[in-house]
Amino acid sequence: MVKMQVERLPDLNIPRLGHTVFCIGGEVVAAGGHTTNFVPTQTAEYYRNGKWHLMQMAYPHDQGLAAFTGQGKVLLAGGHEKELGIGQTFTIELYDPATHSFKGYGCLDKKRCFAGALPLDSGRIVISGNWYHDDCIELYDGSRQCKFVKPVAQHRSYPYIIRTAKDNAIIFGARDIHAEDFDTIVIDRLKGEPFTISLFETWRPVCPLSSFHSACFIGNEAKGDYTSLIPVTQDDSLIAIAQVQGEDFSLLPTTCPIPMSSQWGRICWYAPILADRNLGRAYIMGYGENYPEDTGDHRFYVAAIDYLSTPSPVTLYYSEPVDSAGRYQPVLTDSGDLMVVGGILQQNNNYDAASTVFLLHVGTELSAPAQSRQSLSWLWLVLASLLLVAITVTTILLLRRQKSAPANDTAQPEDSDATAADAALIERICRYMEEQQPYLSSELKVQDVADALGTNRTYVSNCIRSQRGCSFSQFVNTYRIKYAQQLLRQHPDKKITEVSTASGFSTEMSFFRTFKAVTGLPPSEWKEKQQ
């Protein structure tokens, strides 16, 4: 368990529930939903420079759907037709983050509420799910009218939509359009026939409570790897993470079960998985059993799963009690932290929405444990040659100790062999990183290093963690930062954006966050000190 720093940010201009929250262009946006008295609000607001800025929308999209388009905009559609959560709508609009403007755009094929949406590699967006109204699968392709694709085997509310291939997806969920649990969960294909899986006979997917489904993706489209993570539950007494690779479902092995309670009481886990692909971590949100009732546990809980390692380590973050906090699906910010914006104040009460906003510091920049791990990994990298000598000496001492140990003591030779093997492997990994510079590719995965060295990804990941005290992603980022420092020294006129890309970072925000975590300074300040 790790105590989590929680920062209260300025309140929203308008209390919100049933709204859509997303991060685009470095800004968190809360769009639509309903406000106090269960009245839809045709407004949105974005967070910049420590303040929420109000915007006018074309439609409220209370419990609507949303997805990123291939043109850098956000598609918002559907939602309740009237106050009190009544009815569904056909409405579509687009949000342009460059101009902070909304524009009514077109029409869904079927009026919807409590639906989901997912962009495919082609840029088309799959849409499915509904509430007290028939469901189907339809596609948004940029035109003003969405196109009907096919009927569904099960009519669902808030389904999961998961990519399984370049232009295919599966759709499934635990509840029907009246919020009743399915006896048998059937999975629909965008292309292909419906099917069932044995995993869902004992485990059930947790209702995502969000229309954004791309956040759970951890694969690599360029390499044909379509892998996503979803939370699954068993009789509400256990929760685990299911790994969906293409159409294959399996439980993700973890070093320990995800905790269902703390010393303050039971933890209720909710919301979809949010994956930080830069760090190789996945997050799921939780709250105290009776929260937000007055008698409940008012702490935030976050389970962090380092999915690049096998088995995956689990860290339970918890906060001190927090007053006036709403319960809502969080959004992953560009800083790597989680933001909870508005939400429900009392269980099953849609009339009192929250205006409070909280930032949960689980990212590398402000998380003390993560800072320590990254700082440690940088120190190991700088002193690599000394470490190799130390490991060699340790190995020799262990071998000598084995010779003097009793004949029936078999644990020491096994430990010694493992240490020597790890020392040899980490030396090969470091040599490969230094000579081939694979870290300059933003798509580098642990499997790539394992393939290059002719070994197993598990051995590589475990070796780095045991020998360097950090994850594979953190290990790679130390090389990227070292390379960036070299560029900043040798080419002081080069723009920070160019240095970020050239060093192998996928986003500039990730570069800034990691650079500061490793060096203690932002890139611009560090560069000034070198002159």
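How many residues apart are E427 and R431 in helix α3? They are four residues apart, so about one helical turn separates them. I will come back to that pair after an overview.

This is a predicted model. The protein chain has 531 residues, of which 55% count as buried. Its secondary structure comes to nine helices and 31 strands. Among contacts with a separation of 6 or more, 56% are between residues 24 or more positions apart.

Now the salt bridges. The structure holds 18 of them. The pair from my opening is one: E427 and R431 form a salt bridge, with the closest N and O atoms 3.6 Å apart. Helix α3 covers residues 411-436. E427 is partly exposed, at a relative accessible area of 36%, and R431 is also partly exposed, at 37%. An α-helix has 3.6 residues a turn, so residues three or four places apart point the same way.

R156 forms a salt bridge with D188, and here the closest N and O atoms are 2.6 Å apart. R156 sits in the loop between β16 and β17, while D188 is in strand β19, 32 residues apart. Both residues are buried. Strand β19 also contains R189, whose partner E247 lies in the loop between β22 and β23, so this pair ties together parts 58 residues apart in sequence. R189 counts as buried, at 19% relative accessibility, whereas E247 is partly exposed, at 28%. There is also a network of salt bridges linking D121, R163, E221 and R277.

Which charged residue is buried yet has no salt bridge? R480 is such a residue; the nearest side chain of opposite charge, D448, is 8.4 Å away. R480 is in helix α6, residues 472-490. Its side chain makes a polar contact of 3.0 Å with the side chain of N477. Beyond its sequence neighbours within four places, R480 contacts Y439, S441, S442, L444, S503, G504 and F505. As for D448, this residue is one of the buried residues of helix α4, along with V446, V449, A450 and L453. Just after α4, G454 takes a positive phi of about 65 degrees.

Next, the nonpolar cores. The largest has 74 residues, and F172, F249, W269, I429 and M433 touch the most other members. Helix α6 gives the largest share of this core, nine residues. A second, separate core has 21 residues, including C268, L274, A304 and L338.

Helix α9, residues 523-530, has P523, W526 and K527 as its buried residues. They cover an arc of only 100 degrees around the axis, which puts them on the same side of α9. On the other side, E528 and K529 are exposed. The cover over the buried residues of α9 includes α6, α7 and α8.

Last, a glycine. Is G280 buried or exposed? G280 counts as buried, because its relative accessibility is 2%. G280 is in the loop between β25 and β26. Its C-alpha atom is 8.1 Å from that of S471, although the two are 191 residues apart along the chain. Leaving out neighbours within four places, G280 is in contact with I305, D306, Y307, L308 and S473.

Terms used:
Residues numbered from 1 in each chain as written. Predicted model: local features only at pLDDT ≥ 70, side-chain atom pairs only at ≥ 80, totals over all residues. Heavy atoms only, no water. Helix = DSSP H or I, 4+ residues; strand = E, 2+ residues; numbered from the N terminus. Buried < 20%, exposed > 50% of the residue type's maximum accessible area, 1.4 Å probe, protein only. Lys, Arg positive; Asp, Glu negative; His and termini not counted. Salt bridge = Lys/Arg side-chain N within 4 Å of Asp/Glu carboxyl O. Polar contact = N/O pair within 3.5 Å; in protein donor to acceptor, adjacent residues only side chain to side chain. Contact = heavy atoms within 4.5 Å. Arc of directions from axis to C-beta. Core = buried A, V, L, I, M, F, W, Y, C linked by side-chain atoms within 4.5 Å.
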